[in-house]
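Visitor: I have not looked at this structure before. Could you show me how to read the surroundings of a ligand?

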Amino acid sequence: MAPVPISNINIGHIDDVQELRRTKPKTVPQRFVRDMTERPTFQTSLSLPNTNMPVIDFSKLSKGSKEELLNELYKLSTACEEWGFFQVINHEIDLNLMENIEEMSKEFFMLPLEEKQKYPMAPGTVQGYGQAFVFSEDQKLDWCNMFALGIEPHYVRNPNLWPKKPERLSETIELYSRNIRKLCQNLLKYIALGLNLEEDVFEKMFGEVVQAIRMNYYPTCSRPDLVLGLSPHSDGSALTVLQQAKGSPVGLQILKDNTWVPIEPIPNALVINIGDTIEVLTNRKYKSVEHRAVAHEEKDRLSIVTFYAPNYEIELGPMQEFVDEKHPCKYRRYNHGEYSKHYVTNKLQGKRTLDFAKMEIIK
Ligand code: OGA
Ligand code: NI
């Protein structure tokens, strides 16, 4: 999420989705109506949530017996390899803190538009309030309002965008982010162990990590069958941590075996997914799985998403442990800052962004 303002792009007028909802509750403007092929089909929105999505008990990793640790590491590595997604329970993040950030984020979204617009997301940037990843006037829009901030290192912060209302939101974001950072560090340690690597390999490689937070608020929609809450994409991070607010309907879907599978939230759990960085480093042993969000007719939905990524200075490519005759090298080496810039200056389009790093031969 490098801050890279782009001038000279014409993205046209972007309706604020909450305002649309408030003033014209039955209307879905054309710019939100997806082409037939992109719409969440009847079948996918009705199919049963897949209850087999792996659940990792973090306490078994952090303080389990040797046997529990080994079992859970095995579950974790299978989850990463077969799903690219898992939910963590007993993650040691204070539940009050999770509740606080949820409530304050909701309060933020409920503020009058002019208050939220004090923190505008400039066209082509990804921090502030608005819609990210919009680059042209004819691009379809997501049924979502976003508020995003760069967190670490401090030089990615834009202090003007840190909200003054609700009063304690900014300090709560700070505290929450520190806790989530610790969880990411630990998860990467266990992911490394599950791959038979030194536990601190990613920490050493990543340098001073880049961390960002994004709150996605999905208002109710009179025609959820026509729109998408968030376009299909993979995450440009190493790991992503997603908290779904209490009472949120099912909204996140992941593309598994060519089918959109809805993810049923487990109360108090966090959803973790593998991002593009880990896909590249493991030479696609672990994949950053494509996902999207859908809107709901009766219930609004809030998610709080943390992106955890290497420093922009870092050069990345598949690690030698994952390249051999049977597994030819699938990605070139590249600078992660350049990848981040590429990611945030292109619209979300499934896994297309990662073509940036592909070896010519397999594009
Ligand atoms: C994201 C994301 C899904 C959701 O912000 O990258 O995938 O359910 N969000 O909000
Ligand atoms: Ni995502």
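This is a predicted model: local features need pLDDT of at least 70, side-chain atom pairs count only at pLDDT 80 or more; totals for chains, interfaces and linings use all residues.

Visitor: How many residues surround ligand 1, and which are the closest?

Guide: Begin with the shell of neighbours. Here ligand 1 has 13 residues around it, and the closest are Arg 214, Tyr 218, His 291, Arg 301 and Ser 303. By type, the shell holds six nonpolar, four polar and three charged residues.

Visitor: Where does ligand 1 sit?

Guide: Ligand 1 is in the second largest cavity. Strands E5 (210-218), E6 (230-233) and E12 (301-309) are the elements that each give two or more residues to its shell. E12 supplies the largest share, four residues.

Visitor: Which side chains have an N or O atom beside an oxygen atom of ligand 1?

Guide: For polar contacts, look at pairs of N or O atoms within 3.5 Å. The side chain of Asn 216 has such an atom 3.0 Å from an oxygen atom of ligand 1. For His 233, a polar side-chain atom is also placed 3.0 Å from a ligand oxygen. In the case of His 291, the distance is 2.9 Å. The protein covers 99% of the 290 Å² of accessible area that ligand 1 has on its own.

Visitor: Is Val 280 buried or exposed?

Guide: Compare the relative accessible area with the cut-off: buried means under 20%. Val 280 is buried because its relative accessible area is 0%. Val 280 belongs to helix H9, residues 276-281.

Visitor: How far apart are Val 280 and Met 319 in sequence and in space?

Guide: Read the two separations side by side. Val 280 and Met 319 are 39 residues apart in sequence, with 8.3 Å between their C-alpha atoms.

Conventions:
Residues are numbered from 1 along each chain as its sequence is written. Chains are lettered from A and ligands numbered from 1 in the order in which they are written. Side-chain values use heavy atoms; hydrogens and water are left out. A residue is near a molecule or strand if one of its heavy atoms lies within 4 Å of it. A polar contact is a pair of N or O atoms within 3.5 Å; within protein, one must be able to donate a hydrogen and the other to accept it, and residues adjacent in sequence count only if both atoms are side-chain atoms. Accessible areas come from the Shrake-Rupley method with a 1.4 Å probe; for residues, only the protein chains shown count as cover. On a 1 Å grid over the protein atoms alone, a cavity is a set of points where a 1.4 Å probe fits but cannot get out, and a pocket is an open set with protein on both sides within 12 Å along at least five of seven lines; lining residues have an atom within 4 Å of a point. A molecule sits in a cavity or pocket if more than half of its atoms lie within 2 Å of its grid points. Ala, Val, Leu, Ile, Met, Phe, Trp, Tyr, Cys and Pro count as nonpolar, Asp, Glu, Lys and Arg as charged, and the others, Gly among them, as polar. Buried means under 20% relative accessible area, exposed over 50%, partly exposed in between (1.4 Å probe, protein chains only).
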